[in-house]
Amino acid sequence: MFEVDTRNLTELEDIRPVIGLTTGSWITLCVYNCLIIVLGVVGNCVVLHSSLLHNAIKFDKVTLLLVHSLAVADLMLILLVFAPMWTTLLGKSWVLGENICWFLGYFFAVPIVYEVLTVFVMSVYRFWLITRIVRYREEIVLRVVKTTLVAFLLALIGVQIYLAIVGYPPFFKPDLLICMSSIYKTRDTNGTILSVLNLLLTVVPTISMCVLNAGLALKLHFHGAKVNKSAPRRTLVALGLVTWCFALSYSFAVGHLVLEKLTGQKPWYELTMMYLLGTNTVCNPIIYLATNKRFRNFVIRGKLTHVFNSSFNDTPAEV
């Protein structure tokens, strides 16, 4: 049997009074969580299906890799975070048992951090597309991005496996509606190291996204004639919307934490951050739909005519 701190699993019969949920707010969260799950699964599955099987999204190879990676991260986020949160809301306590609590306690953070890092890579790639400070062939950039994403994923999984081996039994955290490793509430050396890693892997990339996007916006505004003219405009718009949406929502969550520290109140910082991430999960397919005509034709008209009329392999990277 996996080692789990079962006190909160067995003692809490109704989490609503513990975390201050009224009946109205509980119903709102149940509906909102359900919408995130349904729209996120449908939207990201359509993105993967239309792109991988029907070549219905017209982006360059690197952008497509990032779009696929983000869609998979969104699906894993729904499976490992929002689905358990929804069952907890419906059951008013943890109802998935000790084994699932153990698994989620260690691995629920993987898709969250991986999504942050993927969007960060998107920001860096968008910066490179516009500035072309260093000139490389697309094949080399594709190989670097692919290696970076795989390295991020393996490192995140490795950290969680290490925590499982060292032994920080997961516990149910009511105000987050999910199980998490007890290392998040320790003050020992490993807990400090994990806090620093969280800072480096989430806060720093988010700040970097804001800086990169703000810098590019100023560059395009004041030096539009000097930017790289071969950069695919539609790709830049899609990447910009995805990264700005993520960076601003995450920044809002961090601002929520600052408000908590300044006022001494607890305005649900962690839960707010989770649902903001869920909003991005739903928004990403909508952004692709709005910025990519080929994808829009495929989804709205349900026809492959536009896809077959122009083969992706025969068209230039410019969109």
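Is Asp-14 buried, partly exposed or exposed, and what is its relative accessible area? In this predicted model, Asp-14 is partly exposed, with a relative accessible area of 27%.

**Salt bridge**
- A search of the whole structure finds 1 salt bridge, and the side chains that meet in a salt bridge are those of Asp-14 and Arg-16, at 3.1 Å from N to O.
- Arg-16 counts as buried, because its relative accessibility is 16% and the cut-off for buried is under 20%.

**Helix H5**
- Within helix H5, which covers residues 97–107, the buried residues are Cys-101, Trp-102, Leu-104, Gly-105, Tyr-106 and Phe-107.
- The cover over these buried residues of H5 includes helices H1 (7–11), H4 (61–91), H6 (109–131) and H7 (138–166), together with strands S1 (171–173) and S2 (178–180).

**Helix H7**
- The 29 residues of H7 should span 42 Å at 1.5 Å a residue, and this agrees with its end C-alpha atoms, which are 42 Å apart.
- Buried positions on H7 are Val-141, Leu-142, Val-145, Leu-149, Leu-156, Gln-160 and Leu-163.
- After H7 comes Gly-167, which has a positive phi, near 100°.

**Nonpolar core**
- The largest nonpolar core has 83 residues, and those with the most contacts inside it are Val-81, Met-85, Tyr-275 and Tyr-288.
- Leaving aside residues up to four places away in sequence, Val-81 touches Met-76, Phe-108, Ile-112, Ile-178 and Met-274.

Notes. Residues numbered from 1 in each chain as written. Predicted model: local features only at pLDDT ≥ 70, side-chain atom pairs only at ≥ 80, totals over all residues. Heavy atoms only, no water. Buried < 20%, exposed > 50% of the residue type's maximum accessible area, 1.4 Å probe, protein only. Helix = DSSP H or I, 4+ residues; strand = E, 2+ residues; numbered from the N terminus. Contact = heavy atoms within 4.5 Å. Salt bridge = Lys/Arg side-chain N within 4 Å of Asp/Glu carboxyl O. Expected span 1.5 Å × (residues − 1). Core = buried A, V, L, I, M, F, W, Y, C linked by side-chain atoms within 4.5 Å.
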